[in-house]
Amino acid sequence: HDGVPFAYTAAMTHHQDVGGMAPGSVPPNATEIYQEGIRIPPLKLRSGDQFDQTLLAMLKLNVRVTDMFMGDLNAQIAACSIGAERLQALAEKHGTDALTDMFEELLDRSEQMTRQALAEIPAGTYSYVDFLDNDGIDLDDPVRIELAVTVGDGTLHCDFTGTGPQTRGPFNAVRSGSQAAAYYAVRALTGPDIPTNGGCFRTVTLTLPEGTLVNPIEPAPVNSRTATLKRISGCIVSALQGALPERVPADGSSQLTVLMFAGRHPDGRPFIVGEFNAGGSGAGPGFDGVDVIETDASNCMNLPVEALELEAPIRIRQLALRADSGGEGQYRGGLGVVREFEFLVDDVTLTHRGERHVHPARGAHGGRDGALAESQIFRANGETETVRSKLLTTAHKGERLLLKTAGGGGYGDPSARNQDAAAEDLANGKVSADVP
């Protein structure tokens, strides 16, 4: 404003493809970052109304579906431009000095409120351990996440000493991602009444040992880090189950099965479509888990059937809640989803990035674990292929993928479940008649 920078606007989106070794740019078998897509340093894209055409040409040469990529990029540019216009309007109304004072006040207020909320948690150090199924390369080797959460004096510290070394596959979480997962956990623990901004996170510190899953050394692959970040944030919250039994639920599925489909329509047009499939959240004190919902540190939703079928030659044969997948308890864990895909053309590149195929969402206070995730591919030759959570393969016309996501953990003794709630579950098909 008046020639003086006083703020930045930013926009982030998921691009369907940014190059790399596999369509969709999330290869679960990548072993170095160079296989995952184009990398660019911060570069100026536009000066006034003039775009850097050389930079745009370079970007277009590295993606598979140029029009789709440019549409998403232009949407980001428009979002940033609108944000800048709105901030400039505020500056015209209040002046930049008053406006930046307001910014500081908002940050300071959120920090103070967060410190007060953290001070209400019993001081101490609380530990938790969980595992990713594998790293996409070594399919028989689980990946350990261990942390100790120390709360006291209105602060929270997360120490990841004991977490496994950085993986060969792409599930490594860059340092800023690990920080973001901890920030999510702080917001989940301190409640929705505090305005979310950077002031909340002044209270958080982390120990992230270098060369581990949570702080890898380049050129470690990182495209699938979201799976790790979701589990990190869940572990931080779950570590406090003993300290806050009246507030912290059982483990959620903390998984988002990512599918990428790529190939060509019958008329030769290319397609790349991403699909996200959530599981169930954990039950808590006084409430059942929520069915098929995104939890933890990400921002994705289930893709409508119509959207997928419009964009790709794929038919959805089944979409349903997954009965019996929520962990039993006085309060039942949320259900996962069943989704069945039929491929209508040959040579479809299929990326499957799942979790909770080996390590379930744990119940709390006597509640039982949620069901494990399952995926199968029914091949044209009559064979059934079991997906071991991570897979990059090719599907052909008439073949089917059957996906079942994980359920959330139950809370409390199952024998204490309200009989009316149990009868309603049975009537709604959420549990089977043979499940007590």
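1. A search of the whole structure, which is a predicted model, turns up 1 cavity of 30 Å³ or more. The largest cavity holds about 60 Å³ of space.

2. Which residues line the largest cavity? They are Thr226, Ala227, Lys230, Ser254, Gln255, Leu256, Thr257, Arg353, Gly354 and Glu355. By type, the lining divides into 2 nonpolar, 5 polar and 3 charged residues.

3. Two elements each supply at least two residues of this lining: α5 (225–238) and β7 (256–264). Helix α5 gives the most, with 3 residues.

4. Next, a helix pair. Two packed helices are described by the angle between their axes and the distance between the axes. Helix α1 covers residues 53–60 and helix α2 covers residues 66–94. They pack at an angle of about 130 degrees, and their axes are 10 Å apart. Angles over 145 degrees count as roughly antiparallel and 65 to 115 as roughly perpendicular, with the rest between them oblique. Helices α1 and α2 are therefore oblique to each other.

5. Which residues make the contact between α1 and α2? From α1 come Leu56, Leu59 and Lys60. From α2 come Thr66, Phe69, Met70 and Leu73. The residues of this contact divide into 5 nonpolar, 1 polar and 1 charged.

6. Now an open sheet. In it, 4 strands follow the order β3-β4-β5-β6, and the pairing is mixed. Why is one side of β3 and of β6 left without a neighbour in the sheet? Strands β3 (124–132) and β6 (204–207) stand at the edges and each has a single partner strand, so one side of each has no neighbour there. Neighbouring strands of this sheet are turned by 20 degrees against each other on average, direction ignored.

7. Within that sheet, β4 (residues 143–152) and β5 (residues 155–159) pair in the antiparallel sense. The pairing runs over 5 bridges.

8. Strand β15 (residues 400–404) deserves a point of its own. Strand β10 (residues 337–343) pairs with β15 in the antiparallel sense over 5 bridges. Here the bridge partner of glutamate 340 is leucine 402 in β15.

9. Strand β12 (residues 374–378) also pairs with β15, in the antiparallel sense and over 5 bridges. Which residue of β15 stands opposite isoleucine 377? That residue is leucine 401. In a regular strand the side chains alternate between the two faces of the sheet.

Note on methods
Residues numbered from 1 in each chain as written. Predicted model: local features only at pLDDT ≥ 70, side-chain atom pairs only at ≥ 80, totals over all residues. Heavy atoms only, no water. Pairing = 2+ DSSP bridges. Axes fitted to C-alpha atoms, helices over the stretch in contact; angles between N-to-C directions. Parallel < 35°, antiparallel > 145°, perpendicular 65-115°, else oblique. Contact = heavy atoms within 4.5 Å. Nonpolar A, V, L, I, M, F, W, Y, C, P; charged D, E, K, R; others polar. 1 Å grid on protein atoms, 1.4 Å probe; cavity = no way out; pocket = protein on both sides within 12 Å on 5 of 7 lines; lining within 4 Å. Points joined across faces, edges and corners; volume = space filled by probe spheres on them.
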